[in-house]
Amino acid sequence: MSSYPDVRLRRFRRNASLRGLVRETHLRLDQFVMPLFVAPESLRNEQLPGMSRYTVEAVVREVEELVRAGVQAVILFGIPAEKDEQATGAWEDDGIVQQALRALRPRFPELVLMTDVCLCEYTSHGHCGVIVDGEVHNDRSLELLARTAVSHVEAGADVVAPSDMMDGRVRAIRDALDDVGSESVPVLAYSAKYASAFYGPFREAADSTPSFGDRRGYQMDPANVREALRECELDIEEGADAIMIKPALPYLDVIRAARESFDVPIGAYNVSGEYAMVKAAAQAGWLEERQAALESLTAIKRAGADLIISYWTKDLAQWL
Ligand code: PBG
């Protein structure tokens with residue numbers, strides 16, 4: 001009785017209700033995070049269709065729509081008016097993300113406001129840290145990253161998500177938050193962030209393409225998975241409350257490996273290139289966007305992710 005013709009797996013596939021009974025993986029809007037770009041001037045993104053840069057005023061209106069649709073979390077990225085060597089726009093008290101947080105916090109008390117903590121959108125050279133002798137200097141970048149996280153929290157952020165890949169940044173940020181009495185704010189670390197071609201459209205959106213070199217000196221080699229587990233482990237030791245794998249679709253094995261190794265919540269970032277590929281193919285009439293998106297996001301969950309950052313979050317609110 002353990003094989004065909006006695007066993008027929010098609011029996012539970014015969015209609016939608018039967019399939020629903022045995023479905024193993026579910027998408028829920030309350031585990032999705034919508035990325036938003038805040039800038040001094042609005043701009044429609046060519047490479048990230050459907051995404052825009054919002055002014056502080058416009059981001060309030062957009063968030064109003066998102067919240068009305070049921071979205072429960074957003075992550076903010078900032079594009080400053082001016083960039084410099086010290087990434088001043090990242091950590092100054094009236095930086096663009098800080099302004100957006102102060103506008104959003106009182107209006108949406110229930111919404112989870114996350115921020116991406118990185119310097120690349122704010123440095124004149126576009127790297128994620130401070131440059132010393134032509135290289136991104138790890139330890140000197142930590143202080144600015146910690147300052148950035150503290151200023152986000154002081155402006156109203158609920159969760160900070162460092163995406164820079166400097167060694168020791170989780171501890172630096174945790175210590176700095178604790179020092180100002182923000183010991184209850186969680187850190188979601190982009191622990192295994194790969195040096196990926198799939199960030200291309202984001203860099204146009206965030207204006208953060210490095211002016212020289214690339215990010216391989218600090219982001220991970222796509223060939224490595226054991227190293228990703230070490231990154232996760234170190235971040236947890238340094239005080240990360242949750243870890244993240246990024247990108248998501250080309251790294252499902254890394255999500256799975258992290259899931260099997262750690263009991264902390266795991267995030268996955270369904271990045272700009274993953275989104276843009278489906279958008280472009282859908283626009284060409286080559287595949288159906290909604291089905292492809294739902295299938296991709298389900299695969300990310302199935303691999304073991306808890307929360308997912310995705311540009312489809314707003315659409316999901318309609319689709320689910
Ligand atoms: C900042 C950052 C990047 C992304 C998220 N945070 C860009 C990068 O590292 O180059 C990429 C997100 C996406 O592609 O959707 N360091």
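Here are some notes on this predicted model, point by point.

1. Start with the overall build. The protein has twelve helices and twelve strands. Its C-alpha trace spans about 70 × 40 × 40 Å along the principal axes. For 320 residues, a compact globule would have a radius of gyration near 20 Å, and the protein's value of 20 Å agrees with that.

2. Of the 320 residues, 55% are buried. The protein exposes about 14900 Å², and carbon and sulfur atoms supply 47% of that area.

3. How do the contacts run along the chain? Take the contacts between residues at least 6 apart in sequence: 74% of them join residues at least 24 apart.

4. You'll find Met 34 in strand 1, residues 32-38. Is it buried or exposed? With a relative accessible area of 3%, Met 34 falls under the 20% cut-off, so it counts as buried.

5. Asn 45 sits in a loop, between strand 2 (43-44) and strand 3 (52-54). Leaving out neighbours within four places in sequence, Asn 45 is in contact with Phe 37, Met 51, Ser 52, Arg 53, Glu 204 and Ala 205.

6. Now for the holes. How many cavities of 30 Å³ or more does the structure hold? There are two. The largest has a volume of about 100 Å³ and is lined by 14 residues, with Cys 120, Lys 193, Tyr 199, Phe 202 and Lys 246 nearest its centre. That lining divides into five nonpolar, three polar and six charged residues.

7. The second largest cavity holds about 30 Å³ of space. Its lining is Tyr 199, Phe 202, Lys 246, Tyr 269, Val 271, Ser 272 and Tyr 311, which divides into five nonpolar, one polar and one charged residue.

8. A few backbone details deserve a second look. Most peptide bonds are trans. A cis bond, however, joins Tyr 4 and Pro 5, with omega about 10°; Pro 5 lies in the segment before helix 1 (16-21). Another cis bond joins Lys 246 and Pro 247, with omega about -10°. Pro 247 is in the loop between strand 10 (242-246) and helix 9 (252-261), and Lys 246 is the cavity-lining residue from the previous point.

9. Finally, phi. Most residues other than glycine have a negative phi. Ala 87 has a positive one of about 55°. Ala 87 is found in the loop between strand 4 (73-78) and helix 3 (88-91), and at 0% relative accessibility it counts as buried. Asp 207 also has a positive phi, near 55°, and its place is in the loop between helix 7 (200-206) and helix 8 (226-238). Asp 207, though, is partly exposed, with a relative accessible area of 42%.

Technical notes: Residues are numbered from 1 along each chain as its sequence is written. This is a predicted model: local features need pLDDT of at least 70, side-chain atom pairs count only at pLDDT 80 or more; totals for chains, interfaces and linings use all residues. Side-chain values use heavy atoms; hydrogens and water are left out. On a 1 Å grid over the protein atoms alone, a cavity is a set of points where a 1.4 Å probe fits but cannot get out, and a pocket is an open set with protein on both sides within 12 Å along at least five of seven lines; lining residues have an atom within 4 Å of a point. Grid points are joined across faces, edges and corners, and a volume is the space filled by probe spheres set on the points. Ala, Val, Leu, Ile, Met, Phe, Trp, Tyr, Cys and Pro count as nonpolar, Asp, Glu, Lys and Arg as charged, and the others, Gly among them, as polar. Helices (H or I, at least four residues) and strands (E, at least two) are DSSP runs, numbered from the N terminus. The radius of gyration is taken over C-alpha atoms; the globule rule is 2.2 Å times the number of residues to the power 0.38. Buried means under 20% relative accessible area, exposed over 50%, partly exposed in between (1.4 Å probe, protein chains only). Contact means heavy atoms within 4.5 Å. Accessible areas come from the Shrake-Rupley method with a 1.4 Å probe; for residues, only the protein chains shown count as cover.
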